[in-house]
Amino acid sequence: MNKDFKIALQPYRYRILLLFILFFMVIIISFISSYFLTLSNIKNILDQASLYIILSVGMTFVICSGGIDLSIGSVIALTSVISAFAMKADVNVIIAIFIGLVVAMGVGFFNGYMISFFGINPFIVTLSTMSIVRGATVLITNGRPIYGFPKAFTYLGSGTIGFFNCPILIAFFVTLIGVILLGKTRFGNYSIAMGCNEEALRRSGVNTNKYKTLIYILCGLCSGIAGLIISARLNTAEPLAGIGYEMNAIAAVVLGGTDMKGGKGSVIDTFIACLILGVINNGLRILSISSNYQQLLTGIIILVTVALSEYKQRRKIKTG
Amino acid sequence: MNDKTSDSNPFLKVKNITKNFGNIKALKGVSLESYLGEVLAIVGDNGAGKSTLIKIISGVIIQDSGEIWINGEKQQSLNPRTSLSKGISTVYQDLALVDTCDVAYNIFLGREPMKGLFIDKKRIYMESKQLIQNLEIHIPNIKVPVGNLSGGQRQGVAVARAIHQGGKLLIFDEPTAAMGLVESKRVLKLIRKLAEDGYGVIIISHNLQQVFQIAHKVCVMRQGNIVDTVRTDESNMNDVVSMITGAADI
């Protein structure tokens with residue numbers, strides 16, 4: 001009975017570790033600053049984390065399947081610029097959003113197609129598209145930001161429904177969809193299986209190329225959503241938006257326990273990891289510690305957490 | 001049991017199969033019959049053409065000439081999928097398992113039952129449990145990742161999947177290679193049980209002792225030809241060794 005309970009608990013071990021870290025930090029920071037645990041600051045943390053949550057959910061699928069997507073930062077900028085152009089041309093807001101998301105998925109499709117059908121390494125493909133998409137975005141805007149959008153669009157970034165901001169609600173929704181996709185559907189199951197043993201999946205009669213392409217389309221869609229939120233929040237579509245965001249998303253996914261080799265991952269853990277990173281950033285800002293220390297500390301926390309779980313894993317294998 | 005099935009039609013019949021790789025004649029007109037409920041071992045030295053023959057039967061490569069009959073039907077062109085759908089299932093040496101997924105998901109890989117948009121987990125776990133029990137494979141918990149299992153248990157999972165895919169004739173390529181004594185004993189028991197349950201089994205093996213333990217017939221290949229097919233109860237290991245090495249010709 002006890003043993004069964006231990007086995008049942010095993011997949012959640014890492015999640016418990018993450019939650020422990022989250023609570024630990026919340027308690028420490030709230031002791032130092034009384035402002036930290038106020039309703040408006042919690043809202044603030046969630047609002048800031050929402051972008052990374054959305055990006056990281058898509059990235060979780062990609063890394064789970066043994067790939068990587070470096071182009072998401074550029075896709076953010078492209079999506080916001082494309083929908084901005086559409087809105088400036090007096091296209092309906094809904095349609096403009098739709099066009100932006102289709103373009104984002106198009107980049108994802110291109111990534112997935114090159115990776116699966118041409119067999120090019122994901123790092124190289126997405127490194128190239130990162131550069132191509134960024135270059136194209138800057139070219140079509142002449143490097144100038146586009147600003148001034150209809151209210152219906154800016155509502156996406158700063159509007160509230162009840163207590164929550166729109167971005168937070170969208171992030172929750174994306175997480176929910178991600179959890180369901182990864183845990184309950186063939187798509188999620190094959191994403192994990194692909195990362196572990198693609199050949200086995202292929203021999204079982206699964207069209208792995210199709211599913212791999214779908215994974216990158218999903219990741220493109222997530223970055224598209226993030227791009228729209230950014231430009232709605234700032235009321236500006238900035239051709240240089242989202243630079244370096246791919247690294248933050250990868251960091252969150254890795255901190256969430258997803259294996260860089262693929263074959264293992266959890267959307268919920270990614271979500272918790274995003275909250276941890278959000279709390280660190282917010283806490284340090286409240287304590288008015290320089291942002292250079294923030295970066296330093298973020299890196300250390302990721303490294304220590306992952307090293308701790310790897311170490312445990314290795315010891316478990318050694319002792320059988 | 002064996003005698004009874006031998007009277008009926010063979011499940012798999014290959015006739016005069018040839019296959020060349022460039023100048024190399026891998027198979028020079030091979031004929032073979034396999035019956036349900038019977039374990040047929042294919043033995044031979046390296047390069048005798050065993051693996052080529054198996055690959056042709058499972059549809060991975062296509063023969064240059066010759067016929068393949070499955071269940072009395074002549075097959076025009078086999079590929080891995082059609083071969084599988086006709087009931088021929090290969091358990092590969094590397095087993096093709098997804099180590100991070102659990103036992104049940106591996107058995108159902110690629111053919112998950114759906115409940116609307118979602119995978120029907122309840123059915124996967126229930127049916128896998130049943131299948132594992134029927135095959136008498138000892139796996140304590142089907143929710144354990146396959147990577148944590150022993151070699152024999154992994155083989156068991158691969159067999160369970162092959163059967164679940166609708167395999168009637170199971171082909172094993174060196175099933176006990178790199179396995180301990182106890183583990184291989186378990187696998188051999190499983191193979192025997194498969195035959196008793198009415199499945200056809202073809203195994204490729206270098207281990208003649210094992211072959212004589214579990215096979216009903218031994219098919220000896222040498223340099224792209226089948227030297228002879230003998231019944232294990234009417235033959236002995238020395239005869240087979242001399243056929244493999246070619247000493248019988250001299």
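Analyst: Angles under 35 degrees count as roughly parallel, over 145 as roughly antiparallel, 65 to 115 as roughly perpendicular and the rest as oblique. The angles run from 0 to 180 degrees between N-to-C directions, and the axes are lines fitted to C-alpha atoms, for helices over the stretch in contact. Helices (H or I, at least four residues) and strands (E, at least two) are DSSP runs numbered from the N terminus. This is a predicted model, in which local features need pLDDT of at least 70 and side-chain atom pairs count only at pLDDT 80 or more, while totals for chains, interfaces and linings use all residues. Residues are numbered from 1 along each chain as its sequence is written, and chains are lettered from A and ligands numbered from 1 in the order in which they are written.

User: At what angle do helix H3 and helix H11 of chain A pack?

Analyst: Helix H3 (residues 39-64) and helix H11 (residues 245-255) of chain A pack at about 70°, and their axes are 8 Å apart. H3(A) and H11(A) are therefore roughly perpendicular to each other. As to handedness, a crossing is left-handed if the near helix is turned anticlockwise from the far one by less than a right angle, and right-handed if clockwise. The crossing of H3(A) and H11(A) is right-handed.

User: Which residues make the contact of H3(A) with H11(A)?

Analyst: Two residues are in contact if their C-beta atoms, placed from the backbone, lie within 7 Å. H3(A) contributes residues including Tyr52(A), Leu55(A) and Met59(A), and H11(A) residues including Asn248(A), Ala249(A) and Val253(A). For classes, Ala, Val, Leu, Ile, Met, Phe, Trp, Tyr, Cys and Pro count as nonpolar, Asp, Glu, Lys and Arg as charged, and the others, Gly among them, as polar. The contact of H3(A) with H11(A) has nine nonpolar, three polar and no charged residues.

User: How are H4(A) and H5(A) oriented to each other, and what is the handedness of their crossing?

Analyst: The axes of helix H4 (residues 72-88) and helix H5 (residues 93-117) of chain A come within 8 Å and cross at roughly 150°. H4(A) and H5(A) are therefore roughly antiparallel to each other, and their crossing is right-handed. Among the residues in contact are Leu78(A), Ile82(A) and Ala86(A) of H4(A), with Ile97(A), Gly100(A) and Val103(A) of H5(A). This contact divides into twelve nonpolar, three polar and no charged residues.

User: Which residues meet where H7(A) packs on H10(A)?

Analyst: Helix H7 (residues 151-158) and helix H10 (residues 208-234) of chain A pack at about 105°, with axes 7 Å apart; H7(A) and H10(A) are therefore roughly perpendicular to each other. Phe153(A), Thr154(A), Leu156(A), Gly157(A) and Ser158(A) of H7(A) meet Leu228(A), Ile229(A), Ala232(A) and Arg233(A) of H10(A). By class there are five nonpolar, three polar and one charged.

User: In what order do the strands of the four-stranded sheet of chain B lie?

Analyst: Two strands pair if DSSP finds at least two bridges between them. The four strands of this open sheet of chain B lie in the order S2-S1-S4-S5, with antiparallel pairing. Its edges are strand S2 (24-34) and strand S5 (73-75) of chain B, each pairing on one side only. From one strand to the next, the twist averages 25°. Strand S4 (residues 65-70) of chain B pairs with S5(B) in the antiparallel sense over three bridges, and Ile68(B) stands opposite Gln75(B) in S5(B). Helix H2 (residues 50-57) of chain B packs on the sheet, touching strand S1 (12-21) and S2 of chain B, and its direction makes about 120° with that of S1(B).

User: What is the pairing in the sheet of six strands?

Analyst: The open sheet of six strands in chain B has mixed pairing and the order S6-S9-S10-S3-S11-S12. Strand S6 (88-91) and strand S12 (225-231) of chain B are the edge strands. Strand S9 (residues 169-173) and strand S10 (residues 200-204) of chain B pair in the parallel sense over five bridges, and Ile171(B) stands opposite Ile202(B) in S10(B).

User: How many residues does each chain give to the contact of the chains?

Analyst: Chain A gives 18 residues and chain B gives 15 residues. Helix H9 (residues 186-203) of chain A supplies the largest share of the side of chain A, ten residues.

User: Which element of chain B has the lowest mean pLDDT?

Analyst: pLDDT is the predictor's confidence in each residue, from 0 to 100. Among the elements of chain B, helix H1 (residues 2-7) has the lowest mean pLDDT (46) and strand S8 (residues 118-119) the highest (94). The mean pLDDT of chain B is 87, and 96% of its residues reach 70 or more. The model scores ipTM 0.83 and pTM 0.86.
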